[in-house]
Amino acid sequence: MTTLTFLAAPGGALRGRLCLPGDKSISHRAIMFGALAEGVTTMTGFLEGEDCLATLRAFRAMGVRIDGPERGRVAVHGVGLHGLRAPPGPLDMGNSGTSMRLMSGILAGQSFDTVLTGDASLTRRPMRRVTEPLTRMGACIETTATGSAPLRIRGGRRLTGIDYLLPMASAQVKSCLLLAGLYAQGTTRITEPAPTRDHTERMLAGFGYALHREGERTVALAGGGRLTGTAIDVPADISSAAFFLVGASLAPGSDLLLEHVGVNPTRTGVIDILRLMGADIELLNPRLAGGEPVADLRVRHAPLHGIRIPANLVPLAIDEFPALFVAAACAEGVTVLTGAEELRVKESDRIQVMADGLTALGVAAEPTPDGLVIQGGALAGGTVDSHGDHRVAMSFAMAAVRADGPIAIRDCANVDTSFPGFVTLARTAGLTIQEQETA
Ligand code: S3P
């Protein structure tokens, strides 16, 4: 078995204009809603990363005709809510938690049985957070003894809407239950402990499905309606932009423009946190693209200082902490994160894996059960292990701009799950980075 290593040389400034790949959350949902809609859904800017391709292949395996992707263009020929067919075998979700959790909601409402499986990381991640409420709705789903995938989902069950208070702030669980709610009798009402990304809610509206928002934290829908195909313009992913926001903030002489980035307020915690640390980020030309706010982001180098990260921003920046930890490591003073225990069950345990990597680079990083305390300072070169976590890999690549020696990052192949072409784009911007296959 070979593994992909990134070798990032120290220094450099990030400059120019970049067009980043499409939003992962929106791309997954566009395929799912497009498949369940009546009529054709067309999209531009679809993320051709392995995670979203896993979703796309799963719907093809259930009889949905999908043209493309061809340079981000996809056409999904919807089969309606009841038009999916039994797939010939288990559906492999690869590394993608979003595919598995959202699709479990859809599949719980089908007339046929399915099995959802995934790679070593995904089959370790907690799935009871979706199977428990789905079971309350009437679904029949078997997990492993530890509550993980493979998920064996029985078809032919009658689902009933529930009122559910989410035990954790999770857009994946919320979306799973709303998708199951499309198949349920009566109303499915979900309340979240804190606002999380609302792409599902916005997309339901875009597909003409009535959804009721009750205050900031509750959404409800009635089953038995229909979705109508539409056109979707997928903006660039702010989670991919995050690496460049951090890299450019850290590297003296940087001035970077990131074009057409999604700035949905449930996703912009990374901008708020970086600004609190002293970053210079401007939102230019704000506009709406298909129900989602979009802007061009201009980021210039600025000295950063440590902060105590406000609790309300944690769910709004949940995927950006690996990059934010690198920012904190180069900032002046201490940064404290609490209330982020969800980071321990992402593609890797991002608290431990980032603490280990930062420590290997000479930074004092103290993990806590729900966060990390980082003493900013100088960054040495060294070797770190991404543990197959795409966002960890890209975050350490950006750390090189401030390291005093080269950084080697091991196990980087999964960068393709969310950011195909990362190395090429990072080089275009000014990072000196190479890929190496090692035994
Ligand atoms: C996602 C929700 C988040 C996020 C993930 C994508 C989504 O997960 O970490 O990358 O598309 O709904 P949780 O909802 O589990 O926090």
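1. The model contains an open sheet of four strands, ordered β2-β15-β17-β16, with mixed pairing. Strands here are DSSP runs of E with at least two residues, helices are runs of H or I with at least four, and both are numbered from the N terminus; two strands pair if DSSP finds at least two bridges between them. At the edges stand β2 (15–18) and β16 (280–289), each of which pairs on one side only. On average, neighbouring strands of this sheet are turned by 15° against each other, direction ignored.

2. This is a predicted model, in which local features need pLDDT of at least 70 and side-chain atom pairs count only at pLDDT 80 or more, while totals for chains, interfaces and linings use all residues. Residues are numbered from 1 along each chain as its sequence is written, and side-chain values use heavy atoms, with hydrogens and water left out.

3. Strands β16 and β17 (residues 292–300) run antiparallel and are joined by eight bridges. Ala289 has Glu292 in β17 as its bridge partner. Helix α8 (residues 269–276) lies across β16 and β17, at about 160° to β16. Axes are lines fitted to C-alpha atoms, for helices over the stretch in contact, and angles run from 0 to 180 degrees between N-to-C directions; contact means heavy atoms within 4.5 Å.

4. The largest pocket has a volume of about 550 Å³. Of its 35 lining residues, Ala169, Ser170, Ile318, Glu342 and Lys346 are the closest to its centre. On a 1 Å grid over the protein atoms alone, a pocket is an open set of points where a 1.4 Å probe fits, with protein on both sides within 12 Å along at least five of seven lines, and lining residues have an atom within 4 Å of a point. Grid points are joined across faces, edges and corners, and a volume is the space filled by probe spheres set on the points.
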